[in-house]
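Please read them alongside the sequence and the coordinates.

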Amino acid sequence: TTENEKQLQIQKIKQLQREKRANRIRRPTTQPFTREMVQDLINEIKGISYNKARIRCAFTILTITGIRYEELRLLKVKQVISLIANSYAPITRKKRGPSNLRAYLRQSGIQFLAERKKDFHILITKKTEAITETSSNQEEIEQKVQESFLFSAEKTPETPISRSFFN
């Protein structure tokens with residue numbers, strides 16, 4: 001009977017665990033962003049400064065590609081140019097999954113990027129100005145701009161901004 005009592009006790013414990021799990025507090029389901037919601041958020045970031053343009057570009061890329069902050073932070077100018085020109089860009093993964101991933105855009109994402117063209121131009125112009133101060137060869141400048149991080153400080157395009165910027 002001792003063996004039967006142990007079996008019954010184990011069954012009761014398992015039943016209590018099942019009930020506890022079934023009655024746990026669950027997070028509410030999230031609603032996806034709509035185009036209007038994203039547009040409203042971007043419109044709230046007014047101004048033509050480098051920082052404002054950088055925030056709008058970051059939010060746009062996060063929204064249309066679904067990449068993580070760390071992957072966004074390490075995004076280079078040539079990858080964004082590829083994203084705009086080819087509707088896809090290679091993304092270096094920082095977490096699980098294939099080591100190289102491609103971010104693809106739908107037609108709505110392409111239109112969304114086209115609306116932010118002026119912001120991307122501000123970022124690339126500032127990077128070109130910063131690199132021009134250190135180099136005079138036009139071909140070398142173009143190569144350095146392509147290899148620079150899209151989301152960097154205004155004066156140092158060779159180093160990505162910190163994660164705290166996105167927080």
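How many residues apart are K144 and E140, and in which helix do both lie?

1. K144 and E140 are four residues apart, about one turn of the helix, and both lie in α8, where helices (H or I, at least four residues) and strands (E, at least two) are DSSP runs numbered from the N terminus. Their side chains meet in a salt bridge with an N to O distance of 3.4 Å, a salt bridge being a side-chain nitrogen of Lys or Arg within 4 Å of a carboxyl oxygen of Asp or Glu. K144 is partly exposed at 37% relative accessibility, and E140 is also partly exposed, at 35%; here buried means under 20% relative accessible area, exposed over 50%, and partly exposed in between, with a 1.4 Å probe and protein chains only. An α-helix has 3.6 residues a turn, so residues three or four places apart point the same way.

2. On the basis of these notes: the model is a predicted one, in which local features need pLDDT of at least 70 and side-chain atom pairs count only at pLDDT 80 or more, while totals for chains, interfaces and linings use all residues. Residues are numbered from 1 along each chain as its sequence is written, and side-chain values use heavy atoms, with hydrogens and water left out.

3. The salt-bridge count comes to seven. E70 and R73, whose side chains meet at 2.9 Å from N to O, are three residues apart in helix α4 (residues 69-73) and are thus separated by about one helical turn. Within this pair E70 is partly exposed, with a relative accessible area of 24%, whereas R73 counts as buried at 17%.

4. Which parts does the salt bridge between E147 and K78 tie together? The closest N and O atoms of E147 and K78 are 2.7 Å apart, and because E147 lies in helix α8 and K78 in helix α5, the pair ties together parts that are 69 residues apart in sequence. E147 is partly exposed at 30% relative accessibility, and K78 is partly exposed at 37%.

5. R56, in helix α3 (residues 50-65), deserves a separate look. If residues up to four places away in sequence are not counted, R56 touches I42, I45, K46, G47, I48, R116 and D119, contact meaning heavy atoms within 4.5 Å.

6. The largest nonpolar core has 31 residues, of which I61, L72, F120, L150 and F151 touch the most other members; such a core is a set of buried Ala, Val, Leu, Ile, Met, Phe, Trp, Tyr and Cys residues joined through side-chain atoms within 4.5 Å. Two or more residues of this core are given by each of α2, α3, α5, β1, α6 (107-115), α7 (117-132) and α8 (138-147), and the largest share, seven residues, comes from α3. Leaving aside neighbours within four places in sequence, F151 is in contact with R54, C57, A58, I61, L72, R73, L75, P160 and I161.

7. S87 has a positive phi of about 65° although it is not a glycine. Most residues other than glycine have a negative phi, and most peptide bonds are trans.

8. Two further places concern the surface. F33, M37 and L41 make a nonpolar patch of about 290 Å², patches being made of residues with over 30% relative accessible area and no salt bridge, with like charges joined within 9 Å and nonpolar side chains (Val, Leu, Ile, Met, Phe, Trp, Tyr) within 5 Å. L41 is found in helix α2 (residues 35-44) and counts as partly exposed at 39% relative accessibility. R26, in the loop between α1 (2-22) and α2, is exposed with a relative accessible area of 54%; R26 and E140 are 114 residues apart in sequence and 55 Å apart in space, C-alpha to C-alpha.

Methods:
Accessible areas come from the Shrake-Rupley method with a 1.4 Å probe; for residues, only the protein chains shown count as cover.
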